[in-house]
Amino acid sequence: FIADEKFVNCVSYLIDKSIECSCLPDIESLFNLLTMSIEANKTEITKKLIDLINQKMHKNTNNDFTSALILAIKLNQIEDARYIFDNKCVINKTDLINRIVTLGQIDVEMFSLILLNLNSFQKKILINQIFDTAIEKNNKPLVKFLLNENPSIDNALIQACKNSFDNNIFS
């Protein structure tokens, strides 16, 4: 634990010094560091890197945080995901929705956070598209949550029956 804290302090120090001397790495390198930080579950470093990238990017929307956010979602790093949303980082919402739907295995708390950051049209699309995937992936907590959100259930019964037969529930 102490070595972990020293590592975080060391990286934070290096980031601070690179800001002071205006010798920041390029955006691509910063995004690579951000990916490594999220993968290593180093939330304090992740936050510093998000702030640094936002400062360096200014209003450049050619680079966005969608991949970093998806990684945080996959790894259920809710604090990292919340920080990305709270800091109004550039996110391609269409890409986000499409990639979340393919995951299917997503924590209800994380899913709720995502819904809070979508407009009503985007929410409806996500809820309707992920419902079948959640059933297919047997994500019962998410299915229960989605049922309260009134999803379109056109294919849901068929998918549930298929999963039941595939998992030998009836035998």
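In helix H6 (residues 93–103), Leu96, Ile97, Ile100, Val101 and Leu103 are buried, where buried means under 20% relative accessible area, exposed over 50% and partly exposed in between, with a 1.4 Å probe and protein chains only. They lie on the same side of H6, because they cover an arc of only 150° around the axis; the arc is that of the directions from the helix axis to the C-beta atoms. The face turned away from this buried side carries the exposed residues Thr94 and Thr102. The buried residues of H6 pack against helix H4 (66–74), helix H5 (78–86), H7 and helix H8 (120–136), contact meaning heavy atoms within 4.5 Å.

This is a predicted model, in which local features need pLDDT of at least 70 and side-chain atom pairs count only at pLDDT 80 or more, while totals for chains, interfaces and linings use all residues. Residues are numbered from 1 along each chain as its sequence is written, and side-chain values use heavy atoms, with hydrogens and water left out.

The protein has 10 helices and zero strands; helices (H or I, at least four residues) and strands (E, at least two) are DSSP runs, numbered from the N terminus. Buried residues make up 40% of the 171 residues. Among contacts between residues at least 6 apart in sequence, 68% join residues at least 24 apart.

Two helix pairs are set out below. Axes are lines fitted to C-alpha atoms, for helices over the stretch in contact, and angles run from 0 to 180 degrees between N-to-C directions.

| Helix pair | Angle | Axis separation |
|---|---|---|
| H7 and H9 | about 40° | 9 Å |
| H2 and H4 | about 10° | 10 Å |

H2 (residues 27–39) is roughly parallel to H4, whereas H7 is oblique to H9. Angles under 35 degrees count as roughly parallel, over 145 as roughly antiparallel, 65 to 115 as roughly perpendicular and the rest as oblique.

In the H7 contact with H9, Val108, Phe111, Ser112 and Leu115 of H7 meet Pro141, Leu142, Phe145 and Leu146 of H9. These residues divide into seven nonpolar, one polar and no charged. Here Ala, Val, Leu, Ile, Met, Phe, Trp, Tyr, Cys and Pro count as nonpolar, Asp, Glu, Lys and Arg as charged, and the others, Gly among them, as polar. On the other pair, Leu34, Thr35, Ile38 and Glu39 in H2 meet Ala68, Leu71 and Ala72 in H4, giving five nonpolar, one polar and one charged residues.

The count of aromatic pairs comes to two, rings of Phe, Tyr and Trp (its six-membered ring) pairing if their centres lie within 6.5 Å, with planes under 30 degrees apart stacked, over 60 edge-to-face and the rest tilted. One of them joins Phe111 and Phe145 edge-to-face, at 5.9 Å centre to centre and 80° between the planes. This pair links distant parts of the chain, with Phe111 in H7 (residues 108–116) and Phe145 in H9 (residues 140–147), 34 residues apart. Both Phe111 and Phe145 are buried.

Several loop asparagines complete the picture. Asn41, in the loop between H2 and helix H3 (43–57), has a positive phi of about 60° although it is not a glycine, and it counts as partly exposed at 44% relative accessibility. Asn138, in the loop between H8 and H9, likewise has a positive phi, near 60°, and is partly exposed at 44%. Asn150, in the loop between H9 and helix H10 (156–166), is exposed, with a relative accessible area of 67%.
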